[in-house]
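The following note is intended for a colleague who is meeting this structure for the first time. Please read the numbered points with the model open alongside.

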Amino acid sequence: VGGTYETFRSMLLKSTDGGATWTYVSTIQYTAGLNYTETAIVRCKDGSILAIMRNATGSTINGLKYKRSTDNGATWGSVNFVPGIPTNMGVDPELKLMPNGVLVLSYGDNIPSGNMRDCMLAFSEDGNGTTWTDVTETFTSSTSGLGNKSSGYTAIFPVSFNRFVLVSDRGANAYYGSNPSPNPFSIWTR
C-alpha cells in the first residue's frame, strides 16, 4: 500500500472438519523482500513433510526452493534450492508420492529469452525428495507456431502403481493478443 513492498509467505493450515474451518499450524517460509507462493506439500515415504515453493523478488521469479518438517509441520528446516533441478525461474510445483514409493515433481520453467514456459518433471526414487533425477521436459513452449505457449501450471494424477497422467495447458492467455486465430487455447495430457 502506498508504494510499500508486500511479501508473500507460505503457511500450513489444517482442517479437522472436512474443510469447513481451518487452523493455522505454522509458517513454512517467510523472508522479507521475497515472495514465497505456489507451494506444494507432500507426506514423504519417511513420514516427513516436504514443501517446494516458487520464490520471487518483486516480479523476478527465481529457482524453486524447498523446506522439510519432521514434526508434522510444527517447525521447518532451512530453506534451500531444490537439488538437481535446473530451473531458470520455477513456477507452480506439484508433488505426488506414487503408490510405488517414487516421488514425482512437476513444475513450469520460464524460458529466459521469451515470454513462455516449459513443463518439467523430476523423480525422487527414495520417495523423500533428497535427490532428484531424470529431469524431463514434457512440453516445450518454444516450439514454433501458435498454441505452444504454456503457463507451465501442471497437475499430476496417479492412475496405477507406477503410472500417472500429467495435465497442463497449451495456450496461456497472457502470451497472446486478443482473439488469436487459430485459437491456441487447449489442455494437453501426457
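Predicted model: local features only at pLDDT ≥ 70, side-chain atom pairs only at ≥ 80, totals over all residues.

Over the face of which residue does Lys65 lie?

1. Lys65 lies over the face of Phe81, at 4.8 Å from the ring centre. A further charge over a ring is found at Arg9, whose charged end sits over the ring of Tyr30, 3.9 Å from the centre of that ring.

2. Overall composition. The protein chain contains 14 strands and zero helices. Its pattern along the sequence is accordingly written as β-β-β-β-β-β-β-β-β-β-β-β-β-β. The chain has 190 residues, of which 46% count as buried. Of the contacts between residues at least 6 apart in sequence, 44% join residues at least 24 apart.

3. The sheet of four strands. Strands S8, S9, S10 and S11 form an open sheet in the order S8-S9-S10-S11, and the pairing is antiparallel. S8 and S11 are the edge strands, each pairing on one side only. With direction ignored, neighbouring strands of this sheet are turned by 20° against each other on average.

4. The pairing within that sheet. S8 and S9 run antiparallel and are joined by six bridges; Glu94 stands opposite Ser106 in S9. The two strands form a hairpin with five residues between them, and Gly101 in the turn has a positive phi of about 90°. Strand S8, residues 90–97, is mostly covered, since six of its eight residues are buried. On the S10 side, eight bridges join S9 to S10, again in an antiparallel arrangement. Tyr107 has Met120 in S10 as its bridge partner.

5. Gly108. Leaving aside residues up to four places away in sequence, Gly108 touches Met89, Gly90, Val91, Asp118 and Gly152. The C-alpha atom of Gly108 is separated by 10.0 Å from that of Arg54, and the two residues are 54 apart along the chain.

6. The sheet of three strands. Another open sheet has the order S12-S13-S14, with antiparallel pairing. Strand S12 (155–160) and strand S14 (187–189) stand at the edges with a single partner strand each, so one side of each is left without a neighbour in the sheet. The twist averages 25° from one strand to the next. Strand S13, residues 163–169, is joined to S14 by three bridges, and these two strands run antiparallel. Within this pairing, Thr189 in S14 is the bridge partner of Val167.

7. The aromatic pair. The structure holds one aromatic pair. How are its rings placed, and why does the pair count as tilted? The ring centres of Phe123 and Phe164 are 6.4 Å apart and the planes stand at 45°, so the pair is tilted; the angle falls between the limits of 30 degrees for stacked and 60 for edge-to-face. The pair links distant parts of the chain, with Phe123 in strand S10 (residues 117–124) and Phe164 in strand S13, 41 residues apart.

8. Thr154. This residue is placed in the loop between strand S11 (133–139) and S12. Thr154 is buried, because its relative accessible area is 6% and buried means under 20%. Its side chain makes a polar contact with the side chain of Ser106, at 2.6 Å. Residues touched by Thr154, not counting those up to four places away in sequence, are Asp92, Glu94, Ser106, Tyr107, Cys119, Leu166, Val167 and Ser168. Among them is Val167, already noted as the bridge partner of Thr189.

9. Thr131. The loop between S10 and S11 holds Thr131. Which residues does Thr131 touch, not counting residues up to four places away in sequence? They are Phe123 and Ser124, and Phe123 is also a member of the aromatic pair. Thr131 and Pro83 are 48 residues apart in sequence, yet their C-alpha atoms are 6.1 Å apart in space.

Technical notes:
Residues numbered from 1 in each chain as written. Heavy atoms only, no water. Pairing = 2+ DSSP bridges. Axes fitted to C-alpha atoms, helices over the stretch in contact; angles between N-to-C directions. Phe/Tyr/Trp six-rings, centres within 6.5 Å; stacked < 30°, edge-to-face > 60°. Lys NZ or Arg CZ within 6 Å of the ring centre and 35° of its normal. Buried < 20%, exposed > 50% of the residue type's maximum accessible area, 1.4 Å probe, protein only. Polar contact = N/O pair within 3.5 Å; in protein donor to acceptor, adjacent residues only side chain to side chain. Contact = heavy atoms within 4.5 Å.
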